[in-house]
Amino acid sequence: MKEALRAMLNQAFERCIESGEFNRIPLPDYVIEVPGNSHYGHFATNLPFLMASSLRRRPGDLASVILKNLGGLEDMFEKVEVAGPGFINFTIRGSEWHRLLGRIVAEGKDYGRSLAGAGRRILVEFVSANPTGPLHLGHGRGAALGDTLCRILSFTGHEVVREFYINDAGVQVRLLGESIYSRWRQRGDRDYPFPENGYHGDYVTDLAEQIADQLSLETMEPDEAVRRCALLGREKMLEEIKRDMGSFRVAFDVWASESDLYACGLIEKILESLRAKGQIYEEEGATWIRSSLYGDDKDRVIKKTDGEYTYFASDIAYHFEKFKRGFSKAVNIWGADHHGYIQRIKAALKTDGIDENWLEVLLIQLVRLFKGGEEVKMSKRAGLYVTLKELVEEVGVDAARFVFLSKNHDSPLDFDVDLVKRQDSDNPVYYVQYAHARICSVFRKAASEGLSAPPNPAELLERLVLEEELTLIRFMSQFPELLVDISKAMEPHRLTYYLTELASLFHKYFNQGTKDPEKRIVGGEKTLSQARLCLAQGVRQVLFTGLDLLGIQAPEKM
RNA sequence: GCGCCCGUAGCUCAGUUGGAUAGAGCGCCGGGCUUCGAACCCGUAGGCCGCAGGUUCGAAUCCUGCCGGGCGCGCCA
């Protein structure tokens with residue numbers, strides 16, 4: 001509908017120029033918006049303001065001229081007027097909204113799906129936890145964000161690949177092996193030393209027991225035993241991570257391994273090509289990349305004097321490889337404590353001419369957990385932290401995902417377990433689900449009276465004349481473009497707010513009927529009930545689709 | 001010190017990328033179930049959008065400078 005309006009305005013603009021009423025100027029980049037206040041109609045444009053300065057005329061006058069040149073007014077509009085200092089406000093006919101509802105119901109589960117991102121291949125890398133310990137709350141937030149973003153991008157026509165990068169090459173995994181081995185030795189020798197910076201969590205002791213059952217550690221040299229502990233520990237942690245992600249309804253297409261990059265010689269290969277281009281040099285016994293030429297604060301070491309690569313080296317190789325795989329864009333979801341690396345990795349990409357905007361990094365801020373009104377302090381190093389699994393066991397997947405997606409990823413999140421655990425009305429999570437369940441209940445009631453939403457309701461829908469009904473349709477009409485906007489801005493949390501508002505509009509509508517039988521969905525005259533059931537069907541569908549994109553279930557009963 | 005992010009109702013946060021009278025949830029106070037689900041709805045109170053300038057028809061939104069908070073600035077990962 002907005003597009004139709006835009007086309008009409010563009011045409012009117014041309015007509016004004018051809019008729020000589022306007023001097024020729026380029027069409028401004030104007031906006032058609034839905035005014036917050038319905039007093040200003042259903043749509044409004046600022047076009048006149050944007051032409052005022054170049055034409056040196058008053059916006060109000062320009063608005064009148066444009067209005068005069070708009071064609072086909074009677075068909076689509078109930079009212080078009082110049083308002084304020086120069087807005088043009090449009091009020092759409094009810095019949096147009098009825099037609100739109102018909103389309104929503106007809107499109108069903110595909111309503112909102114689009115081709116906006118057609119031809120765009122996007123790689124989204126998220127979570128990417130070290131396989132050295134269980135996933136924690138921060139990973140949960142990243143998982144919820146990444147997964148929902150991917151779902152929405154796919155729905156808007158992008159080709160999406162979801163990837164988990166396994167940091168399994170460096171000292172972390174070796175340390176894991178040492179930690180496991182030490183725990184195993186400590187069963188016989190209480191004083192056996194534990195590695196400095198080792199992993200302290202109880203899961204390490206569990207791993208030690210499992211691994212001791214599988215391997216005869218006692219027959220091995222310590223070095224060999226540590227190596228085997230590291231390998232097996234990595235495998236087991238990875239399995240657990242995959243399990244946890246699965247039960248959090250997060251799936252990955254690719255599990256990319258850092259150690260594979262080394263194993264297949266990719267790191268050397270890529271560094272060689274950079275060296276050939278003069279982007280790499282040796283100094284003080286180390287190997288450096290000229291990142292400072294491309295926006296980094298200084299050059300960075302990629303190979304240390306001891307001959308080991310830094311993690312940065314493999315990161316560079318990994319991202320170059322991503323680029324070669326032919327994606328139009330790469331999105332990384334990182335913890336906010338990594339923001340210092342953004343500039344660095346982008347600079348590294350630029351050494352090979354890769355546009356820095358090709359890579360987009362979304363930072364997620366800290367998650368703080370509250371229980372009993374107090375913050376639960378966490379320390380990963382000491383192995384003291386709440387795992388994602390524990391959180392999910394306590395509050396459920398739906399609630400956890402909803403809360404993680406209830407704020408911009410860029411702002412810190414306080415997760416109040418007590419609030420989210422409550423099975424009562426204070427829990428924000430149920431609000432949207434409840435609306436869905438309620439509609440399902442209405443349909444059960446309708447069915448018991450032999451009523452349903454007819455598949456081809458065209459003429460019926462004109463029975464919908466209540467302001468609440470038209471408001472619902474108008475609000476639903478914004479769903480497709482919302483998803484496109486979210487895809488562009490990479491802000492999935494906006495969907496959470498949208499659904500909450502849609503649910504709210506429905507609850508208000510529904511409650512009208514508790515006081516006034518004339519306004520009930522089921523119970524009045526047959527055609528009216530059918531029309532209202534169509535409306536309810538549309539709302540139910542949008543709620544369902546929206547929740548599905550959030551990875552949240554839409555229950556029929558609660 | 002340098003860089004990034006953030007300052008919006010008592011609390012937690014939205015704010016359609018520059019639009020018209022700044023919103024929601026929680027909390028406070030008051031009201032609504034004899035038939036579609038009260039996990040809901042309705043109403044009241046609550047604001048110098050951190051401060052000061054600037055840009056323009058128009059600023060919570062963009063620019064500059066302060067103030068306050070978080071994070072990052074390794075041949076660690």
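**Briefing: cysteines and helix packing**

The count of disulfides (pairs of cysteine sulfur atoms within 2.5 Å) comes to 0. This is a predicted model, where local features need pLDDT of at least 70, side-chain atom pairs count only at pLDDT 80 or more, and totals for chains, interfaces and linings use all residues. Residues are numbered from 1 along each chain as its sequence is written, and side-chain values use heavy atoms, without hydrogens and water.

**Cysteines**
- Cys 440 has its closest cysteine sulfur in Cys 534, 15 Å away, too far for a bond.

**Helix 20 and helix 21**
- Helix 20 (residues 493–515) packs on helix 21 (residues 526–550) at about 155°, and their axes lie 10 Å apart.
- That angle makes the pair roughly antiparallel (over 145 degrees).
- Their crossing is left-handed (the near helix is turned anticlockwise from the far one by less than a right angle).
- Contact (heavy atoms within 4.5 Å) involves, among others, Leu 499, Leu 502 and Phe 506 of helix 20, and Leu 535, Val 539 and Val 542 of helix 21.
- The residues of this contact divide into 14 nonpolar, 2 polar and 1 charged.

**Helix 18**
- Helix 18 (residues 467–477) is mostly covered, with 8 of its 11 residues buried.
- Its buried residues include Glu 469, Arg 474 and Phe 475.
- The buried residues of helix 18 pack against helix 5 (94–107), helix 19 (479–489), helix 20 and helix 21.

Terms used
Chains are lettered from A and ligands numbered from 1 in the order in which they are written. Axes are lines fitted to C-alpha atoms, for helices over the stretch in contact, and angles run from 0 to 180 degrees between N-to-C directions. Helices (H or I, at least four residues) and strands (E, at least two) are DSSP runs, numbered from the N terminus. Angles under 35 degrees count as roughly parallel, over 145 as roughly antiparallel, 65 to 115 as roughly perpendicular and the rest as oblique. Ala, Val, Leu, Ile, Met, Phe, Trp, Tyr, Cys and Pro count as nonpolar, Asp, Glu, Lys and Arg as charged, and the others, Gly among them, as polar. Buried means under 20% relative accessible area, exposed over 50%, partly exposed in between (1.4 Å probe, protein chains only).
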